[in-house]
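Look at the structure first, then read on.

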Amino acid sequence: MTIVRLGYVAMSVQLQNSSPSQTMTYKHYSTFPDKEAAKRKLERIASSNLQNCLRLLRHNAAHDIHFFRLSSRLIPLATHEDLAGWDYLQPLQEDFAAIGEFAKKHEMRLDFHPDHFVLLNSPRSEVVKASLHTLKLHYDMLQAMKIDPVHRCVMHVGGVYNNKEKALETFIENWGVIPKNIQHMIMLENDDKSFTLHDTLYLCEKLNIPLAFDIHHHLAHHEKAAWEEDWERVLGTWKDSPLPVKMHISSPKSESQYRAHADYINPGMFMDFLKKVKGSTEQIDCM
């Protein structure tokens, strides 16, 4: 028997006025003559985002949803170079703690998916440095929630840079200089354009990183369509994780827009997947 828990990403179409991604542009921030006042404004926006997160978690608990991806935009401008040194965590301690306490009480799995510009396989050191800065933000937010950061951030392998084999090796080289606490936070996901399931498995098995399998991405971009042949390898990447297997599922919008997400999941596609993985592992958390 395999238990499958369903989750969703950041926003609810059921709960009104609950955006966790309210923001302020840097252009607007720049218009404030008093930068300390501008930071207080950013903190108020961040507090509202976190309180909306808590509203979403309460909604989830009422509907027996125990898996949720947090927005990476909880704190506006947190990684902007002109706000270096801004201690945004201290005034938000209570908000972060409330989310962590509620998630723990209701046995909810929370995680992040940093934005596409987080590239650990970039050949440019400044890009890797900026990516680590963003990942450190996610690590600090998890710590503020008192959530174990291990395997809480899923991300893509990165860019191809005109040579996929070299890009994979660059990821391995860069991985060696990434701090251990950040390494332990990361999961990798196969994508729909660049790195297939096999490419991602290569890295995950070599570096002991869990693979969050995305079936839609696999169908859009693969070396061989039969993902079932590698399912045991996917499960094997989770053998040392304290968390159940994580995966993503969505359906193509149309044949002509195959990579785009449809509004709903094709039930036949989902049921076919469930039949094939039944009994292979105790639990799958499906985003």
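Predicted model: local features only at pLDDT ≥ 70, side-chain atom pairs only at ≥ 80, totals over all residues.

Residues are numbered from 1 along each chain as its sequence is written, and side-chain values use heavy atoms, with hydrogens and water left out.

The structure holds 17 salt bridges. A salt bridge here is a side-chain nitrogen of Lys or Arg within 4 Å of a carboxyl oxygen of Asp or Glu. Side chains of opposite charge can pair when their charged atoms come close.

**Within helix α2**

- Arg 40 and Glu 43 form a salt bridge, at 2.8 Å from N to O.
- Both residues lie in helix α2 (residues 35-62), three residues apart, about one turn of the helix. Helices (H or I, at least four residues) and strands (E, at least two) are DSSP runs, numbered from the N terminus.
- An α-helix has 3.6 residues a turn, so residues three or four places apart point the same way.
- Arg 40 is partly exposed, because its relative accessibility is 34%. Glu 43 is buried, at 10%. The cut-offs are under 20% relative accessible area for buried, over 50% for exposed, and in between for partly exposed (1.4 Å probe, protein chains only).
- A network of salt bridges links Glu 36, Lys 39, Arg 40 and Glu 43.

**Between helices α5 and α7**

- Asp 199 and Lys 164 meet in a salt bridge, with N to O at 2.9 Å.
- Asp 199 sits in helix α7 (residues 197-207) and Lys 164 in helix α5 (residues 164-175), so this pair ties together parts 35 residues apart in sequence.
- Asp 199 is buried, with 8% relative accessible area. Lys 164 is partly exposed, at 23%.

**The Asp 230 pair**

- Asp 230 and Arg 233 join through their side chains in a salt bridge of 3.4 Å, N to O.
- Asp 230 counts as buried, at 5% relative accessibility. Arg 233 is partly exposed, with a relative accessible area of 32%.

- The 12 residues of α5 should span 16 Å at 1.5 Å a residue, and the end C-alpha atoms are 17 Å apart, which agrees. The expected span is 1.5 Å times one less than the number of residues.
- Which residues of α5 are buried? They are Ala 167, Leu 168, Thr 170, Phe 171, Ile 172, Asn 174 and Trp 175.
- These buried residues pack against α4 (125-144), α6 (180-183), β6 (186-189) and α7. Contact means heavy atoms within 4.5 Å.
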